[in-house]
Amino acid sequence: MSTLRVDVFACDMPCRQCSMPLRWVFGLLPSHRPDGSEFTTTDFPEAVDVARRILADPTGDTMDLAAQLHDRPAWQRGRSFNPNTCGRCGHQADWHVLDDVIHHALHGRWLRAAESRVPVPQWRAIRGRGQGISWTP
Ligand SMILES: [Zn+2]
């Protein structure tokens with residue numbers, strides 16, 4: 001099966017509950033010649049699965065970040081949710097907090113947390129989804 005390299009983007013912001021620095025995973029984009037319209041936010045289950053798999057790549061050093069991405073908790077309502085949990089207090093903020101983080105990150109404070117290969121059909125199923133923001137780093 002053909003694959004493509006996909007980057008996982010993150011942003012360092014404090015936990016809203018305990019103020020510990022927290023690395024928030026917020027988006028995905030192909031590594032090679034990124035097209036801004038393919039930017040995908042990690043606020044729905046299929047994108048969270050892809051991000052988790054890239055971060056858990058054994059050749060990288062982001063296994064702990066993969067472990068901080070959780071599924072949608074029962075109390076989070078609506079189309080989107082925030083998968084990031086605090087490594088210290090376990091707090092999982094709601095979607096509105098991740099929305100703030102994304103807007104903050106897109107104005108300059110972001111980093112590439114990891115990259116790995118993703119099967120092309122899996123990428124096609126999610127690309128450009130989530131918040132539908134066009135962004136090229
Ligand atoms: Zn915390």
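Biologist: What makes the site of the zinc ion tetrahedral?

Modeller: In this predicted model, the zinc ion has 4 donor atoms, and the angles among them run from 105 to 115°. Four donors count as tetrahedral if all angles lie between 85 and 135 degrees, so the site of the zinc ion is tetrahedral. As a general point, the ideal angle for four tetrahedral donors is 109.5 degrees.

Biologist: How do you know which atoms are the protein donors of the zinc ion?

Modeller: The SG atoms of Cys15, Cys18, Cys86 and Cys89 lie 2.3 to 2.4 Å from the zinc ion. Along the chain, the donors follow the spacing C-x2-C-x67-C-x2-C. Cys18, in the loop between β1 (3-14) and β2 (21-30), and Cys89, in the loop between α2 (63-67) and α3 (95-106), are 71 residues apart, and this pair links distant parts of the chain.

Biologist: Why is Cys18 called buried, and why is Cys89 called partly exposed?

Modeller: Buried means a relative accessible area under 20%, and Cys18, at 19%, therefore counts as buried. Cys89 has a relative accessible area of 32%, which lies between the cut-offs of 20% and 50%, so Cys89 is partly exposed.

Biologist: What makes the span of α3 close to the expected one?

Modeller: Helix α3 has 12 residues and reaches 16 Å from its first C-alpha to its last, and the span expected at 1.5 Å a residue is also given as 16 Å. At the start of α3, a side-chain oxygen of Asp94 reaches to within 3.0 Å of the backbone nitrogen of His96. Just after the helix, Gly108 takes a positive phi of about 130°.

Biologist: How do you know that the buried residues of α3 line one face of the helix?

Modeller: The buried residues in α3 are Trp95, Val97, Leu98, Val101, Ile102, Ala105 and Leu106. Seen down the axis of α3, these residues fall within an arc of 165°, so they line one face of the helix. They pack against β1, β2 and β3 (40-41).

Biologist: What can be said in the same way about the buried residues of α1?

Modeller: In helix α1 (residues 45-55), Ala47, Val48, Val50, Ala51, Ile54 and Leu55 are buried. Seen down the axis of α1, they fall within an arc of 160°, so they line one face of the helix. Their packing partners are β1, β2, β3, α2, β4 and α4 (120-126).

Biologist: Why is Arg112 called partly exposed, and what makes its pairing with Asp7 a polar contact?

Modeller: Arg112, which lies in strand β4 (residues 111-119), has a relative accessibility of 47%, and because this falls between 20% and 50%, Arg112 counts as partly exposed. The side chains of Arg112 and Asp7 come to 2.9 Å, and the cut-off for a polar contact is 3.5 Å, so the pair makes a polar contact. Leaving aside neighbours within four places in sequence, Arg112 is in contact with Asp7, Val8, Phe9 and Pro137.

Biologist: Why is Asp71 called exposed, and which side chain makes a polar contact with the side chain of Asp71?

Modeller: Asp71, in the loop between α2 and α3, has a relative accessible area of 52%, and because exposed means over 50%, Asp71 is exposed. Its side chain makes a polar contact with the side chain of Arg52, at 3.0 Å. Not counting residues up to four places away in sequence, Asp71 touches Arg52, Phe81 and Gln92.

Biologist: What is the phi of Ser19, and what is the phi of Arg33?

Modeller: Ser19 has a positive phi of about 70° although it is not a glycine, and Arg33 has a positive phi of about 45° although it is not a glycine either. In general, most residues other than glycine have a negative phi. Ser19 is in the loop between β1 and β2, while Arg33 is in the loop between β2 and β3. With relative accessible areas of 54% for Ser19 and 73% for Arg33, each is exposed.

Terms used
Residues numbered from 1 in each chain as written. Predicted model: local features only at pLDDT ≥ 70, side-chain atom pairs only at ≥ 80, totals over all residues. Heavy atoms only, no water. Donors = N, O, S within 2.8 Å, 3.2 Å for Na, K, Ca; no water. Tetrahedral: all angles 85-135°; square planar, octahedral: opposite > 155°, others 65-115°. Helix = DSSP H or I, 4+ residues; strand = E, 2+ residues; numbered from the N terminus. Buried < 20%, exposed > 50% of the residue type's maximum accessible area, 1.4 Å probe, protein only. Expected span 1.5 Å × (residues − 1). Arc of directions from axis to C-beta. Contact = heavy atoms within 4.5 Å. Polar contact = N/O pair within 3.5 Å; in protein donor to acceptor, adjacent residues only side chain to side chain.
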